[in-house]
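Please keep the sequence and the structure in view while reading.

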Amino acid sequence: MAAKNITAFSFGTPAATGAISGTDIAVTVPVATDVTALVATFTHTGSSIAIGVTAQVSGVTANDFTDAVTYTVTASDATTQDYVVTVT
């Protein structure tokens, strides 16, 4: 089976590191944080990563984390693994 894991997930602003438990990633940010345009920094073992059809670039792509966001990691053999990121 080809690798398709998210191995680290965080935000730089505000500084917050995600807790990865299986395919769930929980990130706690300060109360007044605007979660509608957060830029995640992440590492993964797949060949690509996307939210829906939008390719994700670590440290670059902003996303709205008002609701849970599903990242799909695609392995070199085209199999996929979904990770659900919840920001509170």
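Phe9 has a relative accessibility of 2%, so this residue counts as buried; buried means under 20% relative accessible area, exposed over 50%, and partly exposed in between, with a 1.4 Å probe and protein chains only. The model is predicted: local features need pLDDT of at least 70, side-chain atom pairs count only at pLDDT 80 or more, and totals for chains, interfaces and linings use all residues. Residues are numbered from 1 along each chain as its sequence is written, and side-chain values use heavy atoms, with hydrogens and water left out.

| Residue | Relative accessible area | Class |
|---|---|---|
| Phe9 | 2% | buried |
| Phe11 | 3% | buried |
| Phe42 | 8% | buried |

**Aromatic pairs**

The whole structure holds five aromatic pairs. Rings of Phe, Tyr and Trp (its six-membered ring) pair if their centres lie within 6.5 Å; planes under 30 degrees apart count as stacked, over 60 as edge-to-face and the rest as tilted. Phe9 and Phe11 make an edge-to-face pair, because their planes stand at 80 degrees, with the ring centres 5.6 Å apart. Phe9 also pairs with Phe42, and this pair is stacked, at 6.5 Å centre to centre and 15 degrees between the planes. Phe9 belongs to strand S1 (residues 6–11) and Phe42 to strand S5 (residues 38–44), so their pair ties together parts that are 33 residues apart in sequence. One aromatic cluster is formed by Phe9, Phe11, Phe42, Phe65 and Tyr71.

Strands here are DSSP runs (E, at least two residues), numbered from the N terminus, and two strands pair if DSSP finds at least two bridges between them. S1 and S5 pair in the antiparallel sense over five bridges. Ile6 has His44 in S5 as its bridge partner. Both strands belong to an open sheet of four strands in the order S2-S1-S5-S8, with antiparallel pairing. Its edges are strand S2 (16–17) and strand S8 (62–63); each has a single partner strand, so one side of each is left without a neighbour in the sheet.

**The six-stranded sheet**

Another open sheet has six strands, ordered S3-S4-S10-S9-S6-S7, and its pairing is mixed. Strand S3 (19–21) and strand S7 (54–55) are at the edges with a single partner strand each, so one side of each lacks a neighbour in the sheet.

S3 pairs with S4 in the antiparallel sense over three bridges. The two strands form a hairpin with two residues between them, and Gly22 in the turn has a positive phi of about 65 degrees. Ile20 stands opposite Ile25 in S4.

On its other pairing, S4 (residues 24–27) runs parallel to S10 (residues 80–87) over four bridges. Ile25 stands opposite Val85 in S10, and Val27 has Val87 as its bridge partner there.

**Gln81**

Gln81 lies in strand S10 and is partly exposed, with a relative accessible area of 27%. What is Gln81 in contact with, leaving aside its neighbours within four places in sequence? Lys4, Thr23, Tyr71, Thr72 and Val73 are in contact with Gln81, where contact means heavy atoms within 4.5 Å. Ile49 is 32 residues away from Gln81 along the chain, and their C-alpha atoms are separated by 9.6 Å.
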